[in-house]
Amino acid sequence: MFVLLGVLLVPVAPGGAVADVPEPGEALVPGVAGAGRAEYPMDTPDQVLPPLQPEGEVPVPVPEEDVDELVEYLPRSAVAASCTATTGPHQRRVERLLGLRADGRQSAADCRAIRAFQVRERIKPAVGYAGPVTWARAELLAARKNLDPGRRCPVKKYAVACVDLDRQLMWVRKDKKVTFPVVTMRSGRAGYATRTGWHTVYWRHKDHWSTIYNTPMPYSQFFSGGQAFHAVYGQLATPTGSRGCVNLSYRHAQKLWDVLRKGDRVYIWGKRPGS
């Protein structure tokens, strides 16, 4: 679990901007003390081989409550800012999605616009930092208005689970009807890329437990070796990705379980930013 041990006070410049420059290689942390959870340490049993089926059923924990609170990850030096001057890792993408000048550099005007978006979407802390949570939320809202602008998702007579690694989104469509609405997901990090192209759901296990890494994988629907759609606990929009699986929130993985069936097709394209 990420734990915020302290914050650094930084000087505030005129107009509410903060003269904060992160140290080289500074790690991102949850911007609210005590918030956020460690990313899934191992979320897929193997990258190539099919998963091992556990001997007997292992109870998979059900989250006490759904995690709807959005807590942004940002450098410690920006935690105490009222409006940060630091350029975020998703700066250019967030600028484009919010209709700002997409130059990839944070300005006072950018910070005010990003902070206003964060306040509206209840992203904490609202300091104008273009981190993974802010980008994921902006990307999802844009997709709800224009689902597939590049027409990358094939339109077939049968059900196709469409996975857009570029935008970290997935949905299911059958012919022209969307049978599972677009949601945020998390794909493989560097070195554990989620495999692109056509796949088939070949095994489903609602209460799956990884026997290799001793970790729960609720509502697992395997489509390529050890890679599967499955639920994780906590936020999906984190600085790094999964170990190859397509991670979903518990609520969305539960709903997807009732939409897909063994034999359904999966189509994956793109590349996770930063991977």
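Is Asp175 buried, exposed or partly exposed? At 30% relative accessibility, Asp175 counts as partly exposed, where buried means under 20% relative accessible area, exposed over 50% and partly exposed in between, using a 1.4 Å probe and protein chains only. This comes from a predicted model, in which local features need pLDDT of at least 70 and side-chain atom pairs count only at pLDDT 80 or more, while totals for chains, interfaces and linings use all residues. Residues are numbered from 1 along each chain as its sequence is written, and side-chain values use heavy atoms, with hydrogens and water left out.

How confident is the predictor? The pLDDT, its confidence in each residue on a scale from 0 to 100, has a mean of 85 for the protein, and 79% of the residues reach 70 or more. Residues 1-24 are another story, with pLDDT below 50; this stretch still has 53 contacts in the model beyond near neighbours in sequence, a contact being heavy atoms within 4.5 Å. Where pLDDT is low, the predicted coordinates should not be read in detail.

Next comes helix α2 (108-120). Helices (H or I, at least four residues) and strands (E, at least two) are DSSP runs, numbered from the N terminus. With 13 residues, α2 reaches 18 Å from its first C-alpha to its last, close to the 18 Å expected at 1.5 Å a residue; that expected span is 1.5 Å times one less than the number of residues. Asp110, Cys111, Ile114, Phe117 and Gln118 of α2 are buried. They sit on the same side of α2, because they cover an arc of only 130° around the axis, the arc being that of the directions from the helix axis to the C-beta atoms. These buried residues pack against α1 (91-97), β4 and α3, whereas Val119 and Arg120 are exposed on the other side.

After α2 comes Arg122, whose phi is positive, near 60°. Arg122 belongs to the loop between α2 and β4 and, at 68% relative accessibility, counts as exposed. Asp175, in the loop between β6 (169-174) and β7 (177-184), also has a phi near 60°, a positive value in a residue other than glycine. Another backbone detail turns up at the peptide bond from Lys124 to Pro125, which is cis, with omega near -10°.

Finally, His199 is found in strand β8 (residues 197-200) and is buried, its relative accessible area being 10%. A polar atom of the His199 side chain lies 2.9 Å from the backbone oxygen of Arg195. Among the residues that His199 touches are Phe223, Asp264 and Ile268.

Key:
pLDDT = per-residue confidence, 0-100. Polar contact = N/O pair within 3.5 Å; in protein donor to acceptor, adjacent residues only side chain to side chain. Lists of a residue's contacts leave out its neighbours within four places in sequence.
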